[in-house]
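Visitor: I'm new to this one. Can you walk me through it?
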Amino acid sequence: MADNWNLRGKTQMLDDLNTPSLQCRVYDRIAVQDSKGKTHFYCLELSAGNTFDFGFCRKENVPSLLRDVMTMGNIRVLSGICDDLMVPTVPTVLWIKQARKYDPKHVIMWLENSIELTEEYKDTILRLRKMGMRFAVRVDAMGEIASNDEILACIDYLMVDFERSAEFMTVIQSLRNKNHHLKTIAFKHHISIFSFTKEETRNFDYVLGTVNNFLLTYETERPKWQHEMLRTFAQLYSSIYDVKEIGVIVANYPLMALAMKGMVASKHLTNLTIRKNSSTLGESQTLTQFDLRNYLAISVGYNLFTLTEKQAYEQKKIPFSSEFINYEPFIQALNFAKIVDLMAQDICDDITAPQAFIAGFLRFAHVFLHDTEEATFAEFPLDAVASCYTNGGGQLGSIIRILMLLFEHRINDAMDVANNAGLVLVKERLYGYISHAMAWTDAVCCALNIIKGQQEE
């Protein structure tokens, strides 16, 4: 009998692997932050392997979720700077059976909207609760949970539609009277690199999305050091730069020097940066001049973001500490740039492809400067790069626009741009880019000490 069960399990796994609709893939992850911009955990957005739709993992995809996504290595990367991870899905009994493969105490399960509380689901929720798992549910889609006190007591977070939040404040207060530890998480249907202003966070414990950083007030001209960083970006993008001159700039900015030292010394980052291919299999591979140029661009962005954040705090006469910097926008810029880079290597020619990472990275130059997009791209040093983001820009410009639309949840618009540009988006390939980019971004953050105390894998 045991052999028959093993055979059935292996058969089901093969079915999952051969059927994209049964596969669970990570589409994106979104930070859950407080009003100060501190990230408390990340929430996954999940997809079946045959679609670009995003959101919950369906019951039929849970085996793949637990097998392919919820591995210890993946969880560490997906959790990033945090200890916990929010997963939108359903509480099937597989979560109990596979509990040895993950730590329930560090998982927050966002229960499917209007979930039907079958005996399996109720039993699983109660058992997972005893193991330390926490649960979240949309306040306007609680379904049977609202009338089941035993399950309601297991809920820790109420997800609140920001646009309709006023309608549910009375309900939320009523639920909190029963369950005093309930916390609210506001969400929006549109996602961007900054989803919430600080003012919009006031009525909630947390928000699903990044809270905007303080903007720097430019009363006259930009600080001289910002111009130097922008000029360095332009030189790196054009590949017309003097290594000695760049070396002097790096030496003058301790953050840049530490960033370069950390990235070059990271074997894990090197392994993820080098692209393996059959023609060089077995050969000793090293970082290329383009890889090192991208590292320099990262060190410029890191220096620019951090020092401008410090200046913005000082301008508002708020005590500043590097320990409390909201690095999430910078992390998102890294991740986006790497996906652009990976996609361009497969699509663009040898002249355009090496520009892909910097072009994707500079799409968020306004984030590094704590300024508006309009003011940032009016700067002369970025003028050449800006053509990649307008209606022109060739294949690289199309790739950047498609990916921007996908991560803003504008799937149909992204497909239209792809069709007009003659680009075929292969779903499995894109999910591969996303997975690789997240691991690579995690390695960069460890090298920069944004994620502290992590061992190299």
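Predicted model: local features only at pLDDT ≥ 70, side-chain atom pairs only at ≥ 80, totals over all residues.

Visitor: How many strands close into the barrel, and in what order?

Guide: Eight strands do, in the order β1-β2-β3-β4-β5-β6-β7-β8. Their pairing is mixed. On average, neighbouring strands of this sheet are turned by 30 degrees against each other, direction ignored.

Visitor: What holds paired strands together in general?

Guide: Strands of a sheet pair through backbone hydrogen bonds, either parallel or antiparallel.

Visitor: Do β2 and β3 run parallel or antiparallel?

Guide: Parallel. Three bridges join β2, residues 39–48, to β3, residues 84–89.

Visitor: What stands opposite phenylalanine 41?

Guide: Aspartate 84, in β3.

Visitor: Now helices. Which strands does α3 lie across?

Guide: Helix α3, residues 72–79, lies across β1, β2 and β3. It runs at about 40 degrees to β1.

Visitor: And what does α7 touch?

Guide: Helix α7, residues 165–178, packs on the sheet and touches β6 and β7. The direction of α7 makes about 165 degrees with that of β6.

Visitor: New topic. Where is leucine 272?

Guide: In helix α11, which spans residues 267–273.

Visitor: Is leucine 272 buried or exposed?

Guide: Buried, because its relative accessible area is 15% and the cut-off is under 20%.

Visitor: Which residues is leucine 272 in contact with?

Guide: Leaving aside neighbours within four places in sequence, leucine 272 is in contact with His436, Ala439, Trp440 and Ala443.

Visitor: How many residues apart are leucine 272 and alanine 439 in sequence?

Guide: They are 167 residues apart in sequence. In space, leucine 272 and alanine 439 are 7.8 Å apart, C-alpha to C-alpha.

Note on methods
Residues numbered from 1 in each chain as written. Heavy atoms only, no water. Helix = DSSP H or I, 4+ residues; strand = E, 2+ residues; numbered from the N terminus. Buried < 20%, exposed > 50% of the residue type's maximum accessible area, 1.4 Å probe, protein only. Contact = heavy atoms within 4.5 Å. Pairing = 2+ DSSP bridges. Axes fitted to C-alpha atoms, helices over the stretch in contact; angles between N-to-C directions.
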